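Keep the sequence and the model in view as you read.

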Amino acid sequence: MSALFPVTVVGSWPRPKWLLDALRKKREGKISEEEFQAIADEAVLIAIKYQEDAGVDIISDGEQRRDNFYSFVADKIEGIELKTVAEFMDFAEDKSAFEALLRKLDVPAFAIRSPIVTNYIHKRIPLALNEAKFLKEHTNKKIKVALPGPYLLTRSSWIKGISDKYYKKKEDLAEEFSKILREEIILLRDAGVDFVQLDEPVLMEVLYGPELSVQTFMCAALTAKENPRDELSFAVDILNKTVQGITGVKLGVHICRGNWSKSEEAQLKGDYYPLLPFLLDMKVNQYVLEFATKRAGSIDVFKDYPTEKELGLGVVNPKTDEIERPEDIISLVKKALNYFRPEQIYLNPDCGFGTFAESPVNTPKISFLKLKSISKAASVLRKEYS
Amino acid sequence: MATVVNGIKLEDFNALHEELKRNAEFVSKIHKWNARIRWAGSGFNFTSYVRNHKFTISEPSDIGGADSGPSAHELILTALGACYSTGFIYNATKRNIQIKNFEVAIEGEIDDILVFFGLSDKGHPGYKKIVVKAYVEADADEKTIKEIWEAAVKGSPVGNTLQRGVEIVPQVSLVRK
Amino acid sequence: MGKVINGLDIESLSSLLDEARKNKELVQKISKWYARVRWAGTGFTFNSYVRNHSFTISEPSELGGPDKGPNAVEYVISALGACYLTGFILNATKRGVNIKNLEIALEGEIDNILVFLGISNEGHPGYRKVIAKAYVEADCDEKTLKEIWEETVRTSPVGNTLARNVEIVPQLSLIK
Ligand SMILES: [Zn+2]
């Protein structure tokens with residue numbers, strides 16, 4: 001059996017400036033896809049090196065090729081276009097939610113893009129297979145690939161007045177995304193990926209967004225009037241349909257409270273308690289959750305919901321500048337051990353370090369030191385619990 | 001073919017400019033602007049008529065309105081933002097600068113809203129401060145864009161109205177049919 | 001539902017006033033207002049977004065616009081008129097006065113529009129004077145009417161904004 005308390009990441013790594021320049025040039029058509037990928041290869045190698053040096057056991061490619069964790073699919077799936085908020089503002093059912101968000105981010109509507117379904121969708125090229133192959137070729141570590149979850153994709157890209165011409169209800173679109181993602185997970189498994197993580201951050205927004213009036217573009221596209229219970233059940237159903245019966249690869253779901261700015265106040269707040277009954281219905285192996293930030297509440301929420309699933313325990317906050325000490329990480333793990341056995345626990349940061357290409361939440365240096373702190377804690381814990 | 005900048009034919013633009021320099025009658029005509037607002041007959045709902053245009057003004061539901069349109073104090077912010085925008089496009093076109101995107105976000109802060117409700121007489125119920133944030137995308141250097149923006153701000157009819165203390169003449173008459 | 005005057009439920013109106021008296025958070029919320037205006041991409045046409053409302057601002061054809069909506073200076077006097085009417089309905093309802101008809105005609109006079117056009121430096125391009133003429137049909141005496149009107153004018157947010165010097169903070173950012 002492999003070592004206890006494997007150290008892993010949630011996905012993204014801060015991108016170098018020259019990569020951001022290349023990303024912009026690609027978008028403007030000034031460099032070709034091939035030229036961009038060659039530049040991104042270099043960035044991925046750097047991200048790999050950082051993670052290996054920090055002692056991470058299951059590494060990612062830092063999502064260096066993506067503009068963010070979900071809108072990159074617009075390049076891969078036909079029928080989805082990256083549209084600026086300015087282009088679809090008139091169709092948004094809850095314009096005031098967009099306004100609040102633009103104001104918070106201090107950006108104009110024309111500078112923010114979101115993937116919108118503007119036709120029938122079908123996969124043009126695999127979503128993340130090339131990322132996985134390159135990563136696999138350049139490391140001996142186990143590898144993890146994150147994909148946007150089916151609920152996130154549906155919720156962010158279906159807009160009434162634009163998308164309903166092709167998919168009358170968002171449920172119809174969800175079926176299509178589910179098929180595409182399922183196919184992709186199988187491709188990734190066959191390419192030797194050890195861990196596939198589905199990102200579903202909007203689930204927290206469904207629970208806490210409307211009441212705190214904090215929303216993201218991923219949620220504002222739809223009216224906030226949906227009943228949270230119905231939405232969560234729908235999210236669970238569509239996720240289960242996506243992963244049903246797939247074996248031979250570890251499947252995780254990552255749920256956090258936002259990672260689009262360094263400001264803690266700008267993110268959602270509230271514990272996982274109301275989500276747990278739904279979470280435990282998800283047919284995945286691991287829940288990748290935040291527990292380093294105070295906004296996530298206590299891990300004692302598991303008291304009422306014991307589970308045999310694995311926990312990807314968030315032990316460092318990617319948004320803060322101070323480096324968590326191994327002692328702090330160890331004491332957080334010990335709290336988790338009240339509800340989980342040692343072999344159920346993986347250690348990771350709360351979220352990625354560069355979820356959105358243009359606004360990473362930390363520098364490579366601090367991100368590296370945080371990962372290093374996790375692996376130090378892991379080696380102490382391994383001695384104690386093996 | 002005529003040169004078009006920012007969707008405006010330069011030929012027409014220049015002709016209008018010349019006309020304004022010479023035609024005093026035309027200029028005095030565009031000094032006066034009118035509007036008429038009617039109460040819709042129930043609650044805080046009003047219809048405004050401006051030349052051939054018609055629109056609804058209301059109050060948000062948390063102030064007891066039907067929220068069938070923006071409110072009066074939101075329209076003031078809009079008017080200021082639109083005026084700066086108009087001035088920006090005007091001054092950019094004058095300098096032959098093509099604008100790709102232009103957007104303003106406006107935020108106004110009332111001094112003491114309770115005065116409006118008759119619950120306070122400490123401050124005043126008007127705006128004390130309005131922040132207007134412009135975002136521009138254009139193939140021009142920062143200096144030129146700044147120049148255009150400054151000309152727009154300086155020459156803004158609505159901006160000047162708000163900053164100078166206008167004389168308002170309120171009149172009321174009871175009409176019996 | 002309680003007694004209704006001018007289409008407003010008296011009970012909910014007075015509980016709103018009570019709430020405004022006590023609830024600091026509500027007061028803070030209704031002291032800040034926002035709008036966003038976007039250039040439509042061609043000529044003098046702009047779209048404004050205010051909460052869940054959107055509308056068009058344009059210029060008359062004689063000023064080189066497509067006349068798709070009122071222009072900014074027309075919105076200013078509309079806002080003043082609507083603000084007076086809002087206050088009038090509030091203050092009449094507070095006194096239990098039923099209004100049958102209410103209408104206001106506004107006329108604004110620009111000091112020197114040539115400053116906007118960059119053709120002149122004399123004077124300023126803003127309104128110098130705005131006349132707001134209200135017409136009321138209601139079952140009440142002149143004295144009460146005058147009282148309602150005076151309170152309305154005195155407590156008008158837009159009226160006070162226009163009659164005083166507002167601090168305007170213009171900020172610019174170039175997006176690449
Ligand atoms: Zn996350």
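**Helices, domains and interfaces**

In chain B, Ile76(B), Ala79(B), Leu80(B), Cys83(B) and Tyr84(B) of helix α3(B) meet Pro157(B), Val158(B), Gly159(B) and Leu162(B) of helix α5(B). Contact means heavy atoms within 4.5 Å. Helices (H or I, at least four residues) are DSSP runs, numbered from the N terminus. By class, this contact of α3(B) with α5(B) has 8 nonpolar residues, 1 polar and no charged. Here Ala, Val, Leu, Ile, Met, Phe, Trp, Tyr, Cys and Pro count as nonpolar, Asp, Glu, Lys and Arg as charged, and the others, Gly among them, as polar.

This is a predicted model, in which local features need pLDDT of at least 70 and side-chain atom pairs count only at pLDDT 80 or more, while totals for chains, interfaces and linings use all residues. Residues are numbered from 1 along each chain as its sequence is written, chains are lettered from A and ligands numbered from 1 in the order in which they are written, and side-chain values use heavy atoms, with hydrogens and water left out.

How do the two helices of chain B cross? Helix α3 (residues 72-94) of chain B and helix α5 (residues 157-164) of chain B pack at about 130°, and their axes are 7 Å apart. That angle makes α3(B) oblique to α5(B). Axes are lines fitted to C-alpha atoms, for helices over the stretch in contact, and angles run from 0 to 180 degrees between N-to-C directions. Under 35 degrees counts as roughly parallel, over 145 as roughly antiparallel, 65 to 115 as roughly perpendicular and the rest as oblique.

Chain A has a helix pair to look at too. Helix α6 (residues 150-157) of chain A packs on helix α10 (residues 228-243) of chain A at an angle of about 125°, with axes 8 Å apart. So α6(A) is oblique to α10(A). Pro150(A), Tyr151(A) and Arg155(A) in α6(A) meet residues of α10(A), including Phe234(A), Ile238(A) and Leu239(A). The contact of α6(A) with α10(A) has 6 nonpolar, 1 polar and 2 charged residues.

Now step back to the domains, whose bounds come from an automatic or database domain assignment. Chain B is divided into domain 1 (1-32), domain 2 (33-70) and domain 3 (72-166). In chain C the division is domain 1 (1-32), domain 2 (34-70) and domain 3 (72-171). The C-alpha centres of domains 1 and 2 lie 32 Å apart in chain B and 33 Å apart in chain C.

Next, the interfaces. Chain B and chain C each put 123 residues into their contact. Together they bury about 11,800 Å², 64% of it on carbon and sulfur atoms. Buried area is the accessible area (1.4 Å probe) that two parts lose on being put together, summed over both. In chain B, Trp33(B), Trp39(B) and Phe116(B) lose the most area to chain C.

Chain B also touches chain A, with 10 residues of chain B in contact with 6 residues of chain A. The area buried there is about 670 Å², and carbon and sulfur atoms give 50% of it. Asn101(B), Glu103(B) and Tyr135(B) supply 63% of the area that chain B buries against chain A.

Side chains of opposite charge can pair when their charged atoms come close. A salt bridge is a side-chain nitrogen of Lys or Arg within 4 Å of a carboxyl oxygen of Asp or Glu. The structure holds 59 salt bridges over all chains. Between chain B and chain C there are 11. One pairs Glu103(B) with Arg36(C), at 2.7 Å between the closest N and O atoms.
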